[in-house]
Amino acid sequence: MAEQFDFAVIGAGIAGASLAAGLVAHGRVALVEAEAQPGYHSTGRSAAFWTESYGGPGVQPLTTASGPFLHKHGFLTERGALTLARTSELAELDNFIATYRALGVRVERLDRAALERRLPGLHGEWAAGALEPDCCDIDVAGLHQHWLGEARRGGAELLCHARLTGAVRDGDHWRITLADGRELCAAVLVNAAGAWADEVAERAGVPCIGIQPYRRTVAQLRLDPPPPADLPLVLGIDELFYFKPEAGKLWLSPHDETPSPPCDAAPEELDVALAIDRFEHVVDWRIQRIEHKWAGLRSFAPDRLPVYGFDPAVDGFFWFAGQGGFGIQTAPAAAEVALRQLLGQAAGTVDPAPYTPARFR
């Protein structure tokens with residue numbers, strides 16, 4: 001006989017875990033994970049930073065609103081973010097600064113001399129930069145475990161090795177089948193499946209939104225000498241690279257976005273080589289070796305904003321997907337937005353309207 005739940009949350013990454021932690025006070029929750037452990041895919045492969053400009057102006061309200069929670073619970077460590085521009089890109093840099101200042105984000109314009117003080121060995125083509133002093137590193141594992149723990153203590157049942165194979169709406173509940181043969185019944189089916197979000201929708205008979213996964217590559221480098229411990233997160237205004245220090249090493253990405261099917265993403269040698277080539281055009285630091293490399297999937301809706309809300313065409317199907325590469329830094333606010341909708345409550349700090357799935361129907 002099928003187990004009875006109020007909410008079945010598909011996906012136990014940062015999205016599913018954060019929402020399950022909030023739902024346990026309001027009903028019985030199943031947290032359903034296809035892999036052997038939660039957070040195996042995008043959550044476990046994050047570059048682990050919180051910066052208010054990342055993801056664009058449409059995402060910034062979620063990031064900013066998440067800051068107090070992340071600070072209060074000790075998940076943030078000061079880092080700073082520095083966006084670099086060449087002479088030909090100064091107008092774009094100034095627009096970046098004006099846009100985020102208008103949204104209340106602290107951004108300082110730095111001239112070449114100020115850049116050299118923060119980035120010794122900077123090549124001459126870089127003329128100016130934008131410093132976001134409030135950017136922080138995120139303890140992603142700690143944050144994820146915090147919510148998994150809250151969910152567990154509240155009575156949520158975590159089911160691993162439990163890929164969803166089908167879901168049918170039957171009256172006022174869903175009949176859900178899992179790959180291991182288990183069956184569940186739930187009033188609400190929450191799609192927090194990341195790169196697999198459209199696949200989950202299809203298996204539930206819900207029209208897909210067009211959420212596309214993209215591969216993002218990161219390499220860990222050993223430098224001689226090691227990068228300064230107080231180095232900010234460094235990005236290009238052209239969005240072709242970013243790098244940051246991590247435990248005496250350097251994490252480097254070519255900021256790639258290669259369309260991919262949902263899968264266990266692996267880095268391509270060409271992308272790692274591209275990252276190093278771009279890095280060597282920024283600073284003259286000596287790379288001793290590549291110590292580690294990995295890739296993860298970032299999933300975007302067609303308009304590159306997240307999707308939070310009940311599907312307008314199918315009762316009891318709730319979208320909590322399309323978080324792109326900003327799902328960690330926006331997680332507290334995203335969970336609040338979604339929880340309020342699931343419980344029929346009024347909007348809170350962040351207006352949910354831009355993120356409704358109705359915009360695609």
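I looked up the handedness of the H1–H8 crossing, and it is right-handed (the near helix is turned clockwise from the far one by less than a right angle). By class, the contact holds eight nonpolar, two polar and no charged residues (Ala, Val, Leu, Ile, Met, Phe, Trp, Tyr, Cys and Pro count as nonpolar, Asp, Glu, Lys and Arg as charged, the others, Gly among them, as polar). In H1, Ile-14, Ser-18, Leu-19, Gly-22 and Leu-23 meet H8, with contact meaning heavy atoms within 4.5 Å.

Note on the source: this is a predicted model, where local features need pLDDT of at least 70, side-chain atom pairs count only at pLDDT 80 or more, and totals for chains, interfaces and linings use all residues. Residues are numbered from 1 along each chain as its sequence is written, and side-chain values use heavy atoms, with hydrogens and water left out.

Next I checked E13 (residues 212-224): 10 of its 13 residues are buried, so the rest of the structure largely encloses this strand (buried is under 20% relative accessible area with a 1.4 Å probe, protein chains only). I then went through its partners, where pairing takes at least two DSSP bridges and strands are DSSP runs of E of at least two residues, helices runs of H or I of at least four, numbered from the N terminus.

- E18 (residues 286-300) pairs antiparallel with E13 over 13 bridges, and Leu-223 sits opposite Ile-287.
- E17 (residues 258-259) is joined to E13 by two bridges, also antiparallel; Arg-215 faces Thr-258 there.
- E16 (residues 249-253) pairs antiparallel with E13 over three bridges, with Leu-252 as the bridge partner of Ala-219.

Key: Buried < 20%, exposed > 50% of the residue type's maximum accessible area, 1.4 Å probe, protein only.
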